[in-house]
Amino acid sequence: MQYDQHTYRLTDTGNYGTVALIVGVVGLIGSAVGYITDPAQFFHSYLTAFFFWLSLGLGGLFFVMLHHLVGAKWSVVLRRLSENIMMTIPVMAMLFIPLLFGIKELFHWSHPELVATDHLLQSKEPYLNVTFFILRAVVYFVIWMLLAFLLNRYSLKQDQAHDNKLVRTLRVISAPGMILFALSITFAGFDWLMSLDAHWYSTIFGVYVFSGNLLGMLAFLTFSILSLQSKNVLTGVITPEHHHDLGKLLFAFTVFWAYMAFSQYFLIWYGNIPEETVWFLERWESSWKIISLLLVFGHFAVPFFVLFPAGAKRHRGVLMVISIWLLIMHWVDLHWLVMPSLHPHGIHFSWMDPVTMIGLGGVFVWLFRRRTAAKPLVPVNDPGLGDSIRFINH
Amino acid sequence: MNKQIMREAEGMLAEFAGPGNLLEAAREMRKAGYTHFDCHSPFPIHGMDAAMGLKRSPLGWIVGLAALFGTSAALGLQWWTGSIDYPLVISGKPLFSFQAYVPVTFALGVLLSAVAALVGMLALNGLPRLHHPVFHSERFGKFSDDAFFISVTADDPLFDAEKTREFLQHIGGKNVEVLRES
């Protein structure tokens, strides 16, 4: 990999992108085989994998908008890479289409004969019906793609010339964007994950999903930066000071995720109402208990204590290992949300879980690398770039 | 005619031309072995902590211990009152239901950490204080506008009315003045 430190561009990117695409396509073909042999398992595995990779893009969208909204200076050097993560959303929108064919396999509320015998589902029918479900999905993707395209467009325009007005433009997009994002990710979480068990409901679910998404995105961003820097790209631009702040964010959102996860559990545990507790009961009585405990320790305790000391947040090796670990935990979390609906009696791993992950992941990594290769790695004319490079923690 | 009584010197103050000079002077002060000196500038200067030889604050450890104490005290209190001293079954849950204890445990941990951070910070930096030798200087007020100062207090083992003055001038200090009650 060759890197020009004056233009912040990669001049030779190697063939990682192509390899990723080939791996991705092979994975998707493998997933298609899964669809033929066991459609129910395929759709559940695909939904988990799809939400995992989409969540990174959504996390990127949030992070970029947050950056513009608060006028952050330190994170200017991270912005373009975050935008590259965000710009995977449009392709993820296309990869959502297969799920439309799995509505019957995934969601029992989509079966009229089941709804006919179920009073609760009848009450929910105005919201949980196939037409409205698809319509909402379209709305979510329109919101996310529109925001991503606009943020990306003005960000690239900023590369062309110094124009401080663009800072304001980007902020003006981000303000309503943040509200739309909060609503859309909440309802997307309700639709695609929570309604797998249509009897169950939790109002905090959207925030819980969001907290995992953002943590996953930050882990992916940290991982990408450290991999680029291991090839001497962006060294001296993204410094240990930025690593430190990424470490702080990983730590903070580990705690935030745990806070949301516990809040959800706590109120349901306290209220002790059967139609709410059933969801946790399913994940506690069988061998799913192992995954539940794995989340408590692996998704919270381990990263919490590992990232606690300031030294760990500045240590490349520690950050690299913990960001890979957090990505794995993010997948475990989604698996734990989705799979008990198909396999209520205990842990069940299928070969389709890794294959769909690799299939969609290959496409994701290819998109990310392609954009990383095509554009400068930092917003070169952002008025805050110099401040960001010289940024020091106090 | 009142004979003016010369009070004892409480310290010395020197003005420097800019942030760069101040940083360099701080480095020289540390190298010369001064320990009771401080730098005053209208804005924070990157690298000043290292130049002055300031060590990492032990505040983190104080807060950490306070958090540990807060969480264990809260958990202990809830366990002892609810399970030992006055066992009371609430909504059919086990006597020791740790889930119910988490919010208070968390909150007391945070509360004591915050208090320890505030009190510890004040204890470590000696604030609030009613008097400081620099208050004797008329010129010192400019530190919050456009001037850069180094002050040395008389309790520094190396403090010497003549030698310190010479040294401050040597490292670029202007308008060196002895701080004493007038």
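Let's start with one residue: A:Ala374 sits in helix H17 (residues 352-374) of chain A. Helices here are DSSP runs of H or I with at least four residues, strands are runs of E with at least two, and both are numbered from the N terminus.

Before going on, a word on the ground rules. This is a predicted model, where local features need pLDDT of at least 70, side-chain atom pairs count only at pLDDT 80 or more, and totals for chains, interfaces and linings use all residues. Residues are numbered from 1 along each chain as its sequence is written, chains are lettered from A and ligands numbered from 1 in the order in which they are written, and side-chain values use heavy atoms, with hydrogens and water left out.

Now zoom out to chain A. You'll find 18 helices and two strands there. Its C-alpha trace spans about 65 × 40 × 40 Å along the principal axes. The radius of gyration, taken over C-alpha atoms, is compared with a globule rule of 2.2 Å times the number of residues to the power 0.38. For 394 residues a compact globule would come out near 21 Å, and chain A has 21 Å, so the two agree. Buried residues make up 55% of chain A. As for contacts (heavy atoms within 4.5 Å), take those in chain A with a separation of 6 or more: 82% of them are between residues 24 or more positions apart.

What about charges? Lys and Arg count as positive and Asp and Glu as negative, while His and the chain ends are not counted. Each charge is placed at NZ of Lys, CZ of Arg, CG of Asp or CD of Glu. Chain A has 24 positive and 22 negative side chains, with the centres of the two sets 14 Å apart. In chain B, there are 15 positive and 18 negative charges, and their mean positions are 3 Å apart.

So, chain B. How many helices and strands does it have? Five helices and four strands, running β-α-β-α-α-α-β-α-β from the N terminus. Its radius of gyration is 26 Å, well over the 16 Å from the globule rule for 182 residues, so chain B is more spread out than a compact globule. The C-alpha atoms fill a box of roughly 85 × 45 × 30 Å along the principal axes. In chain B, 32% of the residues count as buried.

Last stop: strand S3 of chain B, residues 148-153. Six of its six residues are buried, so the strand is largely enclosed by the rest of the structure. B:Phe148, B:Ile150 and B:Val152 point one way, and B:Phe149, B:Ser151 and B:Thr153 the other. Which strands pair with S3(B)? Pairing takes at least two bridges found by DSSP. Strand S1 (residues 11-16) runs antiparallel to S3(B), joined by six bridges, and B:Phe16 stands opposite B:Phe148. Strand S2 (residues 37-40) is also antiparallel to S3(B), over four bridges, with B:Phe37 opposite B:Val152.

Conventions:
Buried < 20%, exposed > 50% of the residue type's maximum accessible area, 1.4 Å probe, protein only.
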